[in-house]
Amino acid sequence: MPERVLVADDDRAVREAVERALELEGYDVVTADDGVETLVLARRGSFSALVLDVMMPHIDGVAVCRVLRADGDRIPVLMLTARAGIPDRANGLDAGADDYLPKPFEVPELLARLRALLRRAVLTASPASPAGESGQGEPRPGDVLRMASLRVCPGTRRAWWGASELRLTRTEFDLLELLVREEGLVLDHAAIYRSVWGPGAGVDAKNLAGYVGYLRRKLTDAGAPDLIRTVRGVGYAARRP
């Protein structure tokens with residue numbers, strides 16, 4: 001069965017171009033041109049992913065994403081935005097979007113990002129162990145990556161600093177897991193992009209810096225010291241304080 005994708009954009013040219021590109025790749029595509037229609041379709045149908053424009057009439061894309069996440073819907077969301085500023089991107093990610101792509105964009109990059117989201121969704125689709133199996137739903141010690149008071153559980157895709165659980169988007173978790181797993185090693189931009197976004201994704205240092213910034217902010221809010229170090233001109237490393 002082909003993957004079913006909901007594409008929501010009020011710009012007809014963009015919507016139809018994305019629809020054609022996805023159909024040529026074998027996806028089953030459903031489209032919407034405003035936020036209300038998007039919510040109705042998302043709640044009634046079963047979709048593998050949502051390609052969601054920020055600026056839409058009636059209900060904007062950020063609000064759509066917040067409503068879906070409040071409903072418990074974990075559909076992977078790739079957000080499209082003509083607003084390239086970091087505050088605007090942060091709003092979408094904080095609302096629960098998994099990735100974003102600034103307009104204008106190249107179709108191959110959109111396809112690569114969508115493939116990466118779908119791959120990660122498949123990897124996390126297996127059922128979690130019943131709560132209580134290792135103490136109130138906590139992961140077993142062997143399943144946890146540790147660095148100082150940081151615990152990252154790849155199996156359940158949860159992370160904690162001390163007793164505080166971090167509320168991470170899918171991309172933020174993948175980035176944190178990679179850095180902690182390779183603790184002490186300096187990972188260059190290209191290596192991080194290959195691991196987090198997939199081999200087909202292009203390298204955009206500013207885009208990566210934005211995600212690192214969001215992750216640092218959430219760690220700081222949980223009380224963690226500076227764990228992610230910037231190696232100027234090279235990349236990033238996770239190091240104990």
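**Starting from helix H3**

Mentor: Let's begin with Ala63, which is found in helix H3 (residues 61–70). A word on the labels: helices are DSSP runs of H or I with at least four residues, strands are E runs with at least two, and both are numbered from the N terminus. Keep in mind that this is a predicted model, where local features need pLDDT of at least 70 and side-chain atom pairs count only at pLDDT 80 or more, while totals for chains, interfaces and linings use all residues. Residues are numbered from 1 along each chain as its sequence is written, and side-chain values use heavy atoms, with hydrogens and water left out.

Ala63 has a relative accessible area of 27%, so it counts as partly exposed (buried is under 20%, exposed is over 50%, partly exposed is in between, with a 1.4 Å probe and protein chains only). Its C-alpha atom is separated by 8.2 Å from that of Gly35, which is 28 residues away along the chain.

Gly35 brings us to the neighbouring helix, H2 (residues 35–44), which packs against H3 at an angle of about 25° with the axes 10 Å apart. Those axes are lines fitted to C-alpha atoms, for helices over the stretch in contact, and the angles run from 0 to 180 degrees between N-to-C directions. H2 and H3 are therefore roughly parallel to each other; that label is for angles under 35 degrees, with over 145 being roughly antiparallel, 65 to 115 roughly perpendicular and the rest oblique.

Who does the touching? On the H2 side you have Gly35, Thr38, Leu39, Ala42 and Arg43, and they meet Val64, Val67 and Leu68 in H3. Sorted by class, the residues of this H2 and H3 contact are five nonpolar, two polar and one charged. Contact here means heavy atoms within 4.5 Å, and the classes put Ala, Val, Leu, Ile, Met, Phe, Trp, Tyr, Cys and Pro as nonpolar, Asp, Glu, Lys and Arg as charged, and the others, Gly among them, as polar.

Now set that beside another helix pair. The axes of H6 (residues 170–181) and H7 (residues 189–197) come within 10 Å and cross at roughly 125°. That makes H6 oblique to H7. H6 also passes H7 in a right-handed crossing. Here Thr171, Asp174, Leu175 and Leu178 of H6 meet Ile192, Ser195, Val196 and Trp197 of H7. The class tally for this contact is five nonpolar, two polar and one charged.

The side chains of Glu172 and Lys218 meet in a salt bridge at 2.7 Å, N to O (the rule is a side-chain nitrogen of Lys or Arg within 4 Å of a carboxyl oxygen of Asp or Glu). Glu172 sits in H6 and Lys218 in helix H8 (residues 205–221), so the pair links distant parts of the chain, 46 residues apart. Both ends are buried: Glu172 at 0% relative accessibility and Lys218 at 17%.

Thr169 is buried at 7% relative accessibility. Leaving out residues up to four places away in sequence, Thr169 touches Leu93, Ala97 and Lys218.

For the rest of the chain, the salt-bridge rule gives a count of 13. One of them joins Asp53 and Lys103, with the closest N and O atoms 3.1 Å apart. Asp53 lies in strand S3 (residues 49–53) and Lys103 in the loop between strand S5 (99–102) and helix H5 (107–123), so the pair ties together parts 50 residues apart in sequence. Asp53 is buried at 3%, whereas Lys103 is partly exposed at 22%. Another bridge pairs Arg113 with Asp99 at 2.9 Å between the closest N and O atoms. Arg113 is in H5 and Asp99 in S5, so this one ties together parts 14 residues apart in sequence. Arg113 is buried at 1%, and Asp99 is buried at 0%.

To step back, the protein chain has eight helices and 12 strands, and 46% of its 241 residues count as buried.

How values were computed:
A crossing is left-handed if the near helix is turned anticlockwise from the far one by less than a right angle, and right-handed if clockwise.
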